[in-house]
Amino acid sequence: MTDAGPVFLGSEIYRRSSYGGWHPLRVPRVSTVMDLSRALGWLPRDRFRTSPRAKPAALAAWHRPDYLAALQRAEAAQAVTEAERAAYGLGTPSNPVFAEMYRRPATAAGASILAGELLARGGVVYSPAGGTHHGLPGRAAGFCYLNDPVLAILSLRAHGARRVAYVDIDAHHCDGVEAAFADDPEALLVSVHEERRWPFTGALEEAGAGQVYNLPVPRGLNDSEMRAVLQALILPAVAGFAPDAVVLQCGADALEEDPLSRLALSNNVHCGVVAALRPLAPRYLVLGGGGYNPWAVGRCWTGVWGTLLGAELPDRLPAEAEAVLRAVEWRGNSRARNPAAALFETLRDAPREGAVRAELRDRLAVLEARVRAAALRWV
Ligand SMILES: [Zn+2]
């Protein structure tokens, strides 16, 4: 599918399901991206594929069968026992029992597994429902029931890619993905995440087998700082690694408007990272991730899709697209009271530039030195 252009993997399951009335994932995200993309004329039939639901046997490529059985049982019964809660992290405030608690993550995982197949001969695939980077083999964590990025990497490998570069710009550290590939010299992992934030892993010193690069960043990270990270760390690390595939986890919770994190990026950063990584491997999979302000996420991930398509991002959204954003409700959050008009009328944020702080430069220098040393080994 090298010449066929990018493919968007989505599903209607994200429109009708919710993690529950007070959960950050009560808001629509993927359906907003689909609706907004359609309103902009960016989602013709030949670009869209409905993502299949992965079967337990496929999920068992990384997840434990006893956990998968417990997850299906919990969905069917709409309840968990105390023992299951303790053993599997199911039925907790962050990973609650809800109607589609198996089918929904299995659909996102199905997209990631299918992506490996679609990319066998190269190309670009976008699955904004993916990016559930906290899932563990036998346990749910951090809103993630399964780990679709891990399954994507395994699927890419099963379909001809050997060296895979995984880049994660979510506000949280990708602990589940690191658990899977920390010791795998043919999986490059680069994560940029807010310091001193859950899951509290991903320290600068955590290097895996030497191919893991963790950059904890200070609160208030701005566009100028993230551009420095892209130029000094992400691009040299990925280019030097010469990957067969790049997987980008494009979490939108590092945006200024996000209610869960304290970073301050504009969505121009996401589009910039997406575009900059494109030429570095023949296979390119872009996933979603965190992001809990429904307007900010919808705009950001639609901009990401427009970038992958090579479309011109409009300055002012047409009325039909604005109506999509205005119809999205966000109950129970103070940030929803007086949202800025720009959240409805535009796709791109205004840039959020600032100084590149010394503490960030120092950490970047440590990783830059490691990238330079590794590049000599990789040649
Ligand atoms: Zn996150």
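Reader: Let's start with α2. What do its buried residues pack against?

Author: First off, this is a predicted model. The buried residues of α2 pack against β1, α1 (13-16), α11 and α12 (319-327).

Reader: And how many residues of α2 are buried?

Author: Eight of the 10 residues in α2 (residues 30-39) are buried, so the helix is mostly covered. They are V30, S31, T32, V33, M34, D35, L36 and S37.

Reader: What does the backbone do just after α2?

Author: G41 sits there, with a positive phi of about 75°.

Reader: OK, you mentioned β1. Are its faces covered or open?

Author: Covered, on both sides. V7 and L9 are buried on one face of β1 (residues 7-10), and F8 and G10 are buried on the other.

Reader: Which strands does β1 pair with, and in what sense?

Author: There's β3 (residues 123-127), paired with β1 in the parallel sense over two bridges. Strand β2 (residues 48-50) also pairs with β1 in the parallel sense, over three bridges.

Reader: What stands opposite V7 and L9 in those strands?

Author: V7 faces V125 in β3, while L9 is opposite R49 in β2.

Reader: Switching to helix packing. How do α9 and α10 sit relative to each other?

Author: The axes of α9 (residues 223-241) and α10 (residues 267-277) come within 11 Å and cross at roughly 20°. That makes α9 roughly parallel to α10, because the angle is under 35 degrees. The crossing is right-handed.

Reader: Which residues make that contact?

Author: From α9 you have D223, M226, L230, I234, L235 and V238. From α10 there's N268, V269, G272, V273, A276 and L277. By class, the α9 and α10 contact has nine nonpolar, two polar and one charged residues.

Reader: What about α10 with α11, what are the angle and the axis distance there?

Author: α10 and α11 (residues 294-309) pack at about 30°, with axes 9 Å apart. So α10 and α11 are roughly parallel to each other too. Their crossing is right-handed.

Reader: Which residues of α10 and α11 meet?

Author: On the α10 side, N267, H270, C271, V274 and A275. They meet R299, C300, G303, V304, T307 and L308 in α11. This contact has six nonpolar, four polar and one charged residues.

Reader: Now a couple of single residues. Where's F241, and is F241 buried or exposed?

Author: F241 is in α9. F241 counts as buried because 23 other C-beta atoms lie within 10 Å, and the cut-off is 20 or more.

Reader: How far is F241 from A165 in sequence and in space?

Author: F241 and A165 are 76 residues apart along the sequence, with 7.6 Å between their C-alpha atoms.

Reader: And E82, where does E82 sit, and is E82 buried or exposed?

Author: E82 is in helix α5 (residues 82-88). With 8 C-beta neighbours inside 10 Å, E82 is exposed, since 12 or fewer puts a residue in that class.

Reader: If I pick the pair E82 and G220, how far apart are they in sequence and in space?

Author: For E82 and G220 it's 138 residues in sequence and 40 Å in space, C-alpha to C-alpha.

Conventions:
Residues numbered from 1 in each chain as written. Predicted model: local features only at pLDDT ≥ 70, side-chain atom pairs only at ≥ 80, totals over all residues. Helix = DSSP H or I, 4+ residues; strand = E, 2+ residues; numbered from the N terminus. Pairing = 2+ DSSP bridges. Axes fitted to C-alpha atoms, helices over the stretch in contact; angles between N-to-C directions. Parallel < 35°, antiparallel > 145°, perpendicular 65-115°, else oblique. Left-handed = near helix turned anticlockwise from the far one by under 90°. Contact = placed C-beta atoms within 7 Å. Nonpolar A, V, L, I, M, F, W, Y, C, P; charged D, E, K, R; others polar.
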